[in-house]
Amino acid sequence: MFFLEEDARRVKQPHDDPLVIMLTIEGFNTRRILINNDSSANIIYLSAFQQLKLNPERLRPFNSPFVSFNGHRVYPKGIVTLTVTVGTHPRQLTLQLDFLVVNCPLSYNVIIGKPTFNRWRAATSTYCLKVKFPTENGVEKVKGDQVLVRECYQAVLAAKENHTWMIEEK
């Protein structure tokens, strides 16, 4: 799989936007999914976990901390296996994926990391804002949402200005 210049059509250039897509998680269309090639884990934020109305009893213990974007140690609430669908019929993949559930503020709902890209056999392009992966019915392309990315960025800036990023959910 490779990317052509036509894959970057309708992407406002130049840009340094992260790749943010939509996935179906547990049957719900879930937006604000950050594709992070550097992450060694999939992460779902507690607020998204709660919005999906997932039973907290599905959480399994996970006692190891990891280092967050800001360099602080974060202790997950647990780990959960969720059904995730990427792509559209007939070119889609549905897999059971493990997610660390984290209670800290971020403008994304989920981070998808390397373990998932390897299972999808996916290629990503931040220049094109796309993910490509093979399916039984051909290669599927999932396009990033550049407008949503910029809304997320503005939300982070607004939260920092209002100092709400310092308040933890109870």
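Which residue in strand 11 is the bridge partner of Phe-133? The bridge partner of Phe-133 in strand 11 is Glu-140. The model is predicted, and local features need pLDDT of at least 70, side-chain atom pairs count only at pLDDT 80 or more, while totals for chains, interfaces and linings use all residues. Residues are numbered from 1 along each chain as its sequence is written, and side-chain values use heavy atoms, with hydrogens and water left out.

Helices (H or I, at least four residues) and strands (E, at least two) are DSSP runs, numbered from the N terminus. Two strands pair if DSSP finds at least two bridges between them. Strand 10 pairs with strand 11 in the antiparallel sense over 6 bridges, and a hairpin of 2 residues joins strand 10 to strand 11. Strand 10 also pairs with strand 9 (residues 123-125), again antiparallel, over 3 bridges. Here Ala-123 stands opposite Lys-132 in strand 10. The hairpin formed by strand 9 and strand 10 has 4 residues between them, and Leu-129 in the turn has a positive phi of about 55°.

Is strand 10 buried or exposed? Buried means under 20% relative accessible area, exposed over 50%, and partly exposed in between (1.4 Å probe, protein chains only). In strand 10 (residues 130-135), 6 of the 6 residues are buried, so the strand is largely enclosed by the rest of the structure. In a regular strand the side chains alternate between the two faces of the sheet. Both faces of strand 10 are covered: Lys-130, Lys-132 and Pro-134 are buried on one side, and Val-131, Phe-133 and Thr-135 are buried on the other.

Strand 1 and strand 2 run antiparallel and are joined by 6 bridges, with Leu-23 opposite Thr-30 in strand 2. They form a hairpin with 2 residues between them, and Glu-26 in the turn has a positive phi of about 50°. Strand 2 also pairs with strand 8 (residues 110-112), in the parallel sense over 3 bridges. In that pairing Ile-33 stands opposite Val-110 in strand 8.

**The second largest pocket**

On a 1 Å grid over the protein atoms alone, a pocket is an open set of points where a 1.4 Å probe fits, with protein on both sides within 12 Å along at least five of seven lines; lining residues have an atom within 4 Å of a point. The second largest pocket is lined by 17 residues, of which Met-22, Leu-23, Gly-87, Thr-88 and Val-142 lie nearest its centre. The elements that give two or more residues to this lining are strand 1 (19-25), strand 2 (28-35), strand 6 (78-88) and strand 11 (138-143). Strand 1 supplies the largest share, 5 residues. The volume of the second largest pocket is about 240 Å³, taken as the space filled by probe spheres set on grid points that are joined across faces, edges and corners. By class, the lining has 7 nonpolar, 5 polar and 5 charged residues. Ala, Val, Leu, Ile, Met, Phe, Trp, Tyr, Cys and Pro count as nonpolar, Asp, Glu, Lys and Arg as charged, and the others, Gly among them, as polar.

**Leu-100 and the cysteines**

Leu-100 lies in strand 7 (residues 91-102) and is buried, at 7% relative accessibility. Contact means heavy atoms within 4.5 Å. Leaving aside neighbours within four places in sequence, Leu-100 is in contact with residues including Ile-43, Ile-44, Phe-62, Phe-66 and Ile-79. Leu-100 and Glu-26 are 74 residues apart in sequence and 15 Å apart in space, C-alpha to C-alpha.

A disulfide is a pair of cysteine sulfur atoms within 2.5 Å, and a search of the whole structure finds 0 disulfides. Cys-128 is buried, with a relative accessible area of 4%, whereas Cys-104 is partly exposed at 28%.

**Backbone geometry**

Arg-10, in the segment before strand 1, has a positive phi near 70° and is exposed, with a relative accessible area of 77%. Arg-121 has a positive phi of about 55° although it is not a glycine. Arg-121 lies in the loop between helix 2 (114-120) and strand 9 and is exposed, at 57% relative accessible area.
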